[in-house]
Amino acid sequence: MSTVWLVVLVVGLATIALKATGPVLLGGRELPDAVADVVALLAPVLLAALVVTQTVGGDGEVVLDARLAGVAAGAAAVALRAPLPVVVVAAAAATAIARLLF
């Protein structure tokens, strides 16, 4: 077995063990309200952090380029409650225009 497959196997088993920990420790009990509130906020916060780092993150520095215009246009479309295809087109168009102009 190669080293790569050994790493894949170990990471897979560790993932299964971590995912099983919650149900094993909690059983059928509900999470406390404070913990449930934090867990509910994890996904949106992680998504926002990913968007920010992918938009303005560069090799150890902040990069302001056409991607920022696309994210801003997409955020504006979301704020105006536009349908998802309109949000995507607005973001892509703003990015393309910014790249054309700058």
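Surface patches, as the term is used in these legends, are made of residues with over 30% relative accessible area and no salt bridge, like charges being joined within 9 Å and nonpolar side chains (Val, Leu, Ile, Met, Phe, Trp, Tyr) within 5 Å. A salt bridge is a side-chain nitrogen of Lys or Arg within 4 Å of a carboxyl oxygen of Asp or Glu, and accessible areas come from the Shrake-Rupley method with a 1.4 Å probe, only the protein chains shown counting as cover for residues. The model is predicted, with local features needing pLDDT of at least 70 and side-chain atom pairs counting only at pLDDT 80 or more, while totals for chains, interfaces and linings use all residues. Residues are numbered from 1 along each chain as its sequence is written, and side-chain values use heavy atoms, with hydrogens and water left out.

**View 1. The nonpolar patch that includes Leu 13.** Met 1, Val 4, Trp 5, Leu 6, Val 8, Leu 9, Val 10, Leu 13 and Ile 16 make a nonpolar surface patch of about 990 Å². Leu 13 is found in helix α1 (residues 3–26), helices being DSSP runs of H or I with at least four residues, strands runs of E with at least two, both numbered from the N terminus. Leu 13 counts as exposed because its relative accessibility is 52%, where exposed means over 50% relative accessible area, buried under 20% and partly exposed in between (1.4 Å probe, protein chains only).

**View 2. Thr 55 in helix α2 (residues 33–56).** With a relative accessible area of 8%, Thr 55 is buried, and its side chain reaches the backbone oxygen of Val 51 at 2.6 Å. Leaving aside residues up to four places away in sequence, Thr 55 touches Val 63, Asp 65, Arg 67, Leu 68 and Val 71, a contact meaning heavy atoms within 4.5 Å.

**View 3. Leu 68 in helix α3 (residues 66–79).** Leu 68 counts as partly exposed, at 34% relative accessibility. When residues up to four places away in sequence are not counted, Leu 68 touches Thr 55 and Val 56. The C-alpha atoms of Leu 68 and Thr 95 are separated by 7.8 Å, although these residues lie 27 residues apart along the chain.

**View 4. Thr 95 in helix α4 (residues 84–101).** Thr 95 counts as buried, at 15% relative accessibility, and a polar atom of its side chain lies 2.9 Å from the backbone oxygen of Ala 91. Again not counting residues up to four places away in sequence, Thr 95 touches Ala 66 and Gly 70.

Note on methods:
A polar contact is a pair of N or O atoms within 3.5 Å; within protein, one must be able to donate a hydrogen and the other to accept it, and residues adjacent in sequence count only if both atoms are side-chain atoms.
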